[in-house]
Amino acid sequence: MKKAFVLVMAMVMAVMIAAGCGGSGGQKKAEKAPEFLRVGTELASEPFVFQKAGSKEFIGFDMDLIRAIGHQLNMKVEIQNMKFDALIPALSAGNIDVAITGMTITPDRQKAIDMSDPYYVTGLVVVVNKDNNTVKSVKDLDNKGIAVQIGTTSADRAAKVPGAKVKKFNTNAEVFLELKNKGVEAVIIDKPLAEYYLAQGGGKDTAKIVGDLMDAESYGISLKKGSPLTTKINRALLDLKNNGAYDKIYTKWFGEAKK
């Protein structure tokens, strides 16, 4: 009887161990499921990030790109809107994993956060009302009113104009509205944002770009300093460029593949 009892107990223990192993295996399988990539962005940066009237969907070049990167990393992308100047603090606090919203790679930002390899190269331009024939370049903006978005390289550039009366706003829409209402003589802004405004944002008949491209700059995806995701994001971005997916996204929003 004792031998039989011992044998039965041994069998029970074997079943329990097997069940435990099965549970461990199931746990490992769950760990392979897509993780969440918490993305912070700022709306009103067309054509990079915006929403169509009546829709809550985040669309634009940046949104297509980060979703493609998420797919490459087998991660589900969760996007939340916040003010531009709240993005870096949110990264540092760990409230979001990445930020993407046409953010320029700068030495100062790289001291505080990680930034990916460049995904878009652009520069700054001056926009004035169509009836303004006095301002032909940034050199003509001394002592004049300039509208910019707060926390951007446009604001940094405007601050360098001698005697300029710089007005800072939370969104690009407010910046262009100030120009349209002639509260300032000019706007300094990223070229693609200016072109999109002129083409589709209602400024075609009222505003124009003057002068040459200023301060060539590159956009990068922002991450918390030391984030293990930085290397993975860069690899995914390179893969998208190599497999043609990046060019398809670029063509969708800008009309031709990036050279």
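## Basis and confidence

Residues are numbered from 1 along each chain as its sequence is written. The model is predicted: local features need pLDDT of at least 70, side-chain atom pairs count only at pLDDT 80 or more, totals for chains, interfaces and linings use all residues, and side-chain values use heavy atoms, with hydrogens and water left out.

Mean pLDDT (the predictor's confidence in each residue, from 0 to 100) is 86 for the protein. Of its residues, 84% reach 70 or more. Among the elements, helix α1 (residues 2-31) has the lowest mean, 46. Strand β3 (residues 98-99) has the highest, 98.

## Overall make-up

The protein has nine helices and ten strands. These are DSSP runs, numbered from the N terminus: helices are H or I of at least four residues, strands E of at least two. Of the 259 residues, 43% are buried. Buried means under 20% relative accessible area, exposed over 50%, partly exposed in between (1.4 Å probe, protein chains only). Among contacts between residues at least 6 apart in sequence, 67% join residues at least 24 apart.

## Helix α2

Helix α2 (residues 61-72) has twelve residues. Just after α2, N74 takes a positive phi of about 55°.

Nine of the twelve residues are buried, so α2 is largely enclosed by the rest of the structure. They are F61, D62, M63, D64, L65, I66, A68, I69 and G70. Their cover includes strands β1 (35-41), β2 (75-81), β3 and β5 (120-129). It also includes helices α8 (229-242) and α9 (245-254).

## Loop residue N95

N95 sits in the loop between α3 (87-92) and β3. Its relative accessibility is 48%, so N95 counts as partly exposed. Beyond residues up to four places away in sequence, N95 touches R38, Q80 and A90. N95 and G40 are 55 residues apart in sequence, yet 8.9 Å apart in space, C-alpha to C-alpha.

## Cavity and pocket

In a cavity a 1.4 Å probe fits but cannot get out; a pocket is an open set with protein on both sides within 12 Å along at least five of seven lines. Lining residues have an atom within 4 Å of a point. Grid points are joined across faces, edges and corners, and a volume is the space filled by probe spheres set on the points.

One cavity of 30 Å³ or more is present. The largest cavity holds about 170 Å³. Of its 19 lining residues, G102, Q149, T152, D190 and L193 are the closest to its centre. α5 (153-158) and β8 (186-190) are the elements giving two or more residues to this lining. β8 gives the most, three. By class, the lining has seven nonpolar, nine polar and three charged residues. Nonpolar covers Ala, Val, Leu, Ile, Met, Phe, Trp, Tyr, Cys and Pro; charged covers Asp, Glu, Lys and Arg; the others, Gly among them, are polar.

The second largest pocket has a volume of about 150 Å³. Eleven residues line it, and Y120, V121, K191, E195 and Y250 are the closest to its centre. β5 gives the most to this lining, with four residues.

Notes. Expected span 1.5 Å × (residues − 1). Contact = heavy atoms within 4.5 Å.
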